[in-house]
Amino acid sequence: MQPQELSEHHNGHPRRWAILGVLVISLLVVVLDNTILNVALRTIADPEHGLGATQGQLEWGINSYTLVFAGLLFTFGILGDRLGRKRFLLVGLVLFGLSSLASAYAQNPGQLIAARALMGLGGAAIMPVTLSIISNVFHPRDRARAIGIWSGAVGLGVAIGPILGGLLLRNFWWGSVFLINVPVVAIGVIAVALLVPESKDPKPNKIDIIGVLLSVIGLVGLTYGIIDGGEHGFDQPLVWVSIVGGLAVLAAFVAYERRIAFPSLDVRLFRLPRFAAPVGVVGLVFFAAMGVFFFGSFYLQLVRGYSPLRTGVSLLPFAIGQLVFAPRSAALVKRYGAKAVSAVGLLLTAAALAAFIFIGAETPIWVVALAFFVQGAGMANIMPPAMESIMSSLPRERAGVASAVSNTVRQVGGALGIAVLGSVLAGVYRGEIEPATRALPGPLRDAANESISGAYGVAERLGAAGPHLMSAANDAFMVAMHWAAGLSTLIAALGVLVVLRWMPGRTAPAQLEPEPVGEPELASAS
């Protein structure tokens with residue numbers, strides 16, 4: 001159904017609610033995969049029950065997906081408009097399913113990283129066209145409700161993902177967290193083929209191939225340098241070549257994007273404080289928050305000895321905080337303004353992150369759960385006002401551009417957060433554990449110094465000396481976690497300053513009030 005055909009159905013497409021259900025399934029499979037992965041990291045790192053992945057490889061297992069997803073999100077939205085949204089959704093689902101299958105049966109960390117990158121390719125094809133199809137099949141008066149339901153799929157994924165991951169890992173091998181995607185994708189492909197109408201944009205934008213290549217190369221180079229520096233030390237020449245080279249390519253990307261008519265990332269929008277401030281806040285808060293989920297999984301499963309299922313349950317308060325407070329955020333913004341609500345949300349998030357500085361191995365678990373809940377509640381009051389400010393800063397016809405830019409910054413912020421905070425975690429841990437591993441043979445010493453998972457693997461082979469190494473590894477990890485939590489707190493505090501300085505307060509509605517189009521308001525742990 002072409003956009004102009006909507007007038008034939010005064011209430012939208014006759015199967016619009018069934019179509020929405022299909023699109024929710026398509027989105028849910030993407031969100032579920034990333035939230036399930038959080039509780040599987042410890043198992044994938046295990047050399048006996050997983051792949052023996054190092055901390056750097058685990059970071060790449062997450063970031064290979066995120067960087068490809070972020071780099072291609074805007075371009076794939078344009079390709080879907082040009083080639084047909086239904087066709088592109090089907091291609092994305094099939095690619096996501098096949099790469100999930102490849103991830104499930106990966107034989108080494110390198111294969112898993114490559115398969116995850118392909119999953120990012122599929123996810124980037126799925127996400128933007130689902131929203132375009134909703135806009136096409138729903139009448140404007142029902143569109144906000146439909147998008148709200150679509151957004152709720154993220155909250156559902158955040159809530160059930162860790163628990164589902166824990167159940168799978170309790171009963172099956174680590175690959176089951178990826179294999180679960182395959183039947184869901186198969187159902188989605190059949191439903192899309194039968195129910196979703198085809199639609200295209202009669203005047204699609206041009207594709208910025210050079211910009212996409214520059215952004216992906218620059219981000220991968222920068223991220224590689226940060227992760228490799230954390231794993232092997234920042235005294236390696238290759239580390240700085242990667243970091244400086246990545247920054248140089250990103251600078252070239254910005255310069256190029258400023259000169260072309262159809263940029264993949266319209267950097268000129270950042271001249272508008274009403275747009276730039278909330279986008280910056282979104283990037284900062286995801287930078288700070290995603291690292292906490294990365295080290296939180298190891299804290300719960302190794303230091304506290306929790307099973308994957310119990311770990312998933314322990315992460316549930318974050319999702320509850322999201323689901324309880326996100327629906328109420330719009331009313332708070334209307335009453336107090338975006339600046340006040342965002343500032344309070346960031347302060348709550350910073351307080352929750354700061355709590356991890358003081359959490360120890362024996363801290364009551366209700367304190368940890370409370371920190372996750374406060375973090376979820378805080379982020380629930382950041383995303384809606386930020387998205388409202390972003391979407392209302394531009395005319396209605398540019399709402400899609402505003403959404404694409406904010407989505408990209410969110411993904412990149414999360415990827416860099418995992419890289420930087422993971423690098424801090426690895427560097428501090430290595431410095432703290434070295435005195436306890438000096439007497440070990442070279443290969444065992446290297447494995448124990450690499451990560452807490454490696455130290456646990458070595459301890460299992462040391463017999464009576466094993467518990468001493470485990471205790472030293474726990475102590476080293478806790479010191480490293482406190483440093484990483486401190487940095488994430490500072491990043492969130494920087495977000496507060498950005499809000500107070502540049503975020504608009506209670507202002508009159510924009511002359512052209514945009515429809516609520518954009519990334520789901522509930523934050524995902526992906």
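Predicted model: local features only at pLDDT ≥ 70, side-chain atom pairs only at ≥ 80, totals over all residues.

**Entry 1**

The crossing of α3 and α7 is left-handed. I then looked up which residues make the contact. From α3 (residues 85-104), they are Lys 86, Leu 89, Leu 90, Leu 93, Val 94, Phe 96, Gly 97, Ser 100 and Leu 101. From α7 (residues 181-195), they are Asn 181, Val 182, Val 185, Gly 188, Val 189, Val 192 and Ala 193. I sorted the residues of this contact by kind and found eleven nonpolar, four polar and one charged.

Next I wanted the geometry. How do the axes of helix α3 and helix α7 cross, and within what distance do they come? They come within 9 Å, and the crossing is at roughly 165°. Because of that angle, I noted α3 as roughly antiparallel to α7.

**Entry 1: Ile 190 on α7**

I stayed on helix α7, where Ile 190 has its place. Is Ile 190 buried or exposed? Its relative accessibility is 52%, so I put Ile 190 down as exposed; the cut-off for that word is over 50%. I also checked a distance: the C-alpha atoms of Ile 190 and Leu 90 lie 9.1 Å apart in space, although 100 residues separate the two in sequence.

**Entry 2: α3 has another partner**

I turned to helix α1 (residues 16-45), which packs with α3 at an angle of about 35°. Their axes are 12 Å apart. I wrote this crossing, of α1 and α3, down as left-handed. On the α1 side I listed Leu 23, Ser 26, Val 29, Val 30 and Asp 33, and on the α3 side Leu 89, Leu 93 and Phe 96. Sorted by kind, the contact of α1 with α3 has six nonpolar residues, one polar and one charged.

**Entry 3: the whole chain**

I stepped back to count. How many helices and strands does the chain have? I found 18 helices and zero strands. Of its 526 residues, 60% count as buried. I also looked at contacts with a separation of 6 or more: 82% of them in the chain come from residues 24 or more positions apart.

**Entry 4: the nonpolar cores**

The largest nonpolar core has 135 residues, and Ile 44 and Phe 477 touch the most other members. Which helix gives the most to this core? It is α10 (residues 273-303), with 19 residues.

I followed up on Ile 44. Setting aside neighbours within four places in sequence, I found Ile 44 in contact with Leu 37, Gly 50, Leu 51, Gly 52, Ala 53, Leu 58, Leu 112, Trp 174 and Phe 178. I also noted a second, separate core of nine residues, with Leu 265, Val 267, Phe 275 and Val 405 among them.

Val 137 sits in helix α4 (residues 109-137). Its relative accessibility is 0%, so Val 137 counts as buried.

My last stop was Gln 375, in helix α13 (residues 365-380). Gln 375 is buried too, with a relative accessible area of 0%. Leaving out neighbours within four places in sequence, its contacts are Ala 289, Val 292, Phe 293, Phe 318, Thr 349, Ala 352 and Leu 353.

Terms used:
Residues numbered from 1 in each chain as written. Heavy atoms only, no water. Core = buried A, V, L, I, M, F, W, Y, C linked by side-chain atoms within 4.5 Å. Buried < 20%, exposed > 50% of the residue type's maximum accessible area, 1.4 Å probe, protein only. Helix = DSSP H or I, 4+ residues; strand = E, 2+ residues; numbered from the N terminus. Contact = heavy atoms within 4.5 Å. Axes fitted to C-alpha atoms, helices over the stretch in contact; angles between N-to-C directions. Parallel < 35°, antiparallel > 145°, perpendicular 65-115°, else oblique. Left-handed = near helix turned anticlockwise from the far one by under 90°. Nonpolar A, V, L, I, M, F, W, Y, C, P; charged D, E, K, R; others polar.
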